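Me: I have a structure to go through. I want to know what stands behind each label used for it. Can we take it step by step?

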Amino acid sequence: MGKVIIDGNSLTINDVVNVARKGYIVELSEDAILRVKKARELVDKFVENEKVVYGITTGFGKFSEMVISKEETRQLQKNLIMSHSCGVGKPLSEEVVRAVMLLRANALAKGNSGIRLSTLQTLIDMLNKGVHPIIPEKGSLGASGDLAPLSHMVLVLLGEGEAIYRGERLNGRDAMNKAGIQTVELTSKEGLALINGTQIMTAIGALAVYDAKQLMKIADISAALTIEALNGIIDAFDERVHKVRPHLGQIRTASNIRRLCENSQNITRQGEIRVQDAYTLRCIPQIHGASKDAIKYVEEKISIEINSATDNPLIFSDDEFVVSGGNFHGQPIALAMDFLGIALSEIANSSERRIERLVNPQLSGLPAFLAEKGGLNSGFMIAQYTAASLVSENKVLAHPASVDSIPSSANQEDHVSMGTIAARKARDILFNVQNVLAIEMIAASQAIDFNGSEKLGKGTRAAYNKIRENIAYVDKDRILYKDINKSFELISSGDILKEVELCIGELE
């Protein structure tokens, strides 16, 4: 089994995916261990000397002016976790929970949080042994961190709350006992260190941006299949066109289309059948490329955030300096997640319009709704309805969450990011886009069969063959949701992308 060593500074999005989805083991680096111990020594010193420091010897939020005695610090931390466990809604998936635990451990490993090494190791042990806390997905404002959902994670460390262990939903103490992990009694600063951060929104975002990058390659493959099906004009993808407007995503998309359609006998030149194509064919590099550039920006923000200290106060042990700041504020991720949702929505928008071109005989010259014996058979008529429904849902979901703010904690926290809402919306949009592309792929394959698949290009042939290995030609009406689900699985598993890249090399 693989291993990821965390030090608070060098975690990658691929590491997050490996731990969240592939079960990689997590270990602390030696440097991280030393930093964590050093920061903890400073916290203990402040508590012993009864120095007034936010979150260590005071209450929280509006109660920051209330000084807590050193005898009450343990109760303060436990009360914090219990009172803040207010999440509602469906539990986050186990892969997201694993990503959350990893990101929180990595943030604590920076040595700016003041947690005890033993408490941090307990969190890592839970991750490695598969104790996955039940974390409701709703309830975070995305400033002061993801307080409510992260509190549900910490409940299990205390033997409270609920967790999934080996597929069974158990109360927190039973899950920890079965895994052979000692529960924790929190002490000064630890509760705050565990929940004051952006790890819920960032975990969802890290997995979503990883999947989005793969999905953009799928979008190019799906579009290329439609170009083949509709005898699209290849001139619009000429390298010279894109060099004079050198957006990187645009250049890469045009290159992908040329490579996918290489040696095709279906593609045409301008003037052979028509002078120019509609925008959702001709402007694929510009549309897809802009989304790729947006996703690259989001990836950069996520990569910074997964290696950031996002709690409060922050401890700088070398200077014996503790400062109350605002690194818990989720605005950088909130804006990025809204951007991701918008960028992905546009991919479904253009895909659905290509589906319409495939099924509409006035636009395609193909049988209506790609059906043999139309009238008796409806073909892909309602598949296009489904795509249109998903696209319209995305338009609602793409409304930015980050433009909203509701003051909290008696107006002490008077601007919040709503970043976790933005992340969840981006994840839901991603799912919808995957399904729209799944419909386009099977519709394009159906259209290709009317003209003969032997004329396909090198990359599109690989994609078409993979589809036909799993989904048969629709010669008469059948239950189409099964085909859509199979196509979705080819996309989400990466199988179709892998097949194409084995044939023509890695897409950009």
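**Buried, exposed and in between**

Reply: Start with Ala-107, which has 1% relative accessibility and so counts as buried. Buried means under 20% relative accessible area, exposed means over 50%, and partly exposed lies in between, with a 1.4 Å probe and protein chains only. The model is predicted: local features need pLDDT of at least 70, side-chain atom pairs count only at pLDDT 80 or more, and totals for chains, interfaces and linings use all residues. Residues are numbered from 1 along each chain as its sequence is written, and side-chain values use heavy atoms, with hydrogens and water left out.

Me: Where does Ala-107 lie, and what does Ala-107 touch?

Reply: Ala-107 is part of helix H4. Helices (H or I, at least four residues) and strands (E, at least two) are DSSP runs, numbered from the N terminus. Leaving out residues up to four places away in sequence, Ala-107 touches Ser-113, Gln-199 and Ser-308. Contact means heavy atoms within 4.5 Å.

Me: Why is Cys-503 called partly exposed?

Reply: Cys-503 has 32% relative accessibility, so it counts as partly exposed. Phe-369 has a relative accessible area of 28%, so it is partly exposed as well. Phe-369 sits in the loop between helix H15 (361-364) and helix H16 (381-397). Its phi is positive, about 55°, although Phe-369 is not a glycine.

Me: What makes Lys-189 buried?

Reply: Its relative accessible area is 0%, so Lys-189 is buried. Lys-189 is found in the loop between H7 and helix H8 (190-195). A polar atom of its side chain lies 2.7 Å from the backbone oxygen of Ser-113. A polar contact is a pair of N or O atoms within 3.5 Å; within protein, one must be able to donate a hydrogen and the other to accept it, and residues adjacent in sequence count only if both atoms are side-chain atoms. Phi of Lys-189 is positive too, near 75°, in a residue other than glycine.

Me: Why do the buried residues of H7 line one face of the helix?

Reply: In H7 (residues 172-179), the buried residues are Gly-172, Ala-175, Met-176 and Ala-179. Seen down the axis of H7, they fall within an arc of 95°, so they line one face. The arc is that of the directions from the helix axis to the C-beta atoms. An α-helix has 3.6 residues a turn, so residues three or four places apart point the same way. The buried residues of H7 pack against several elements, including helix H5 (117-129) and strand S4 (131-133).

Me: What makes Asn-171 a cap for H7?

Reply: A side-chain oxygen of Asn-171 lies 3.2 Å from the backbone nitrogen of Arg-173, at the N-terminal end of H7. Just after H7 comes Gly-180, with a positive phi of about 75°.

Me: How do you know that H1 is mostly covered?

Reply: Helix H1 (residues 13-22) has ten residues, and seven of them are buried. Among them are Ile-13, Asp-15 and Val-16. The buried residues of H1 pack against elements including strand S1 (3-6) and strand S2 (25-28). Gly-23 follows H1, and its phi is positive, near 75°.

**Cysteines, an annotated serine and domains**

Me: How many disulfides are there?

Reply: The count comes to zero. A disulfide is a pair of cysteine sulfur atoms within 2.5 Å. For Cys-283, the nearest cysteine sulfur is that of Cys-261, 16 Å away, and Cys-283 is in no disulfide. For Cys-503, the nearest is also that of Cys-261, 12 Å away, and Cys-503 is in no disulfide.

Me: Why is Ser-144 called buried?

Reply: Ser-144 has 7% relative accessibility, so it counts as buried. An unreviewed UniProt entry lists Ser-144 for "modified residue: 2,3-didehydroalanine (Ser)". UniProt positions are given in the numbering used here, feature names are shortened, and annotations may be inferred rather than shown by experiment. Leaving aside neighbours within four places in sequence, Ser-144 is in contact with residues including Phe-328 and Glu-413.

Me: What domains does the assignment give?

Reply: Domain 1 (3-196) and domain 2 (205-504). Domain bounds come from an automatic or database domain assignment. In contact are 48 residues of domain 1 with 41 residues of domain 2.
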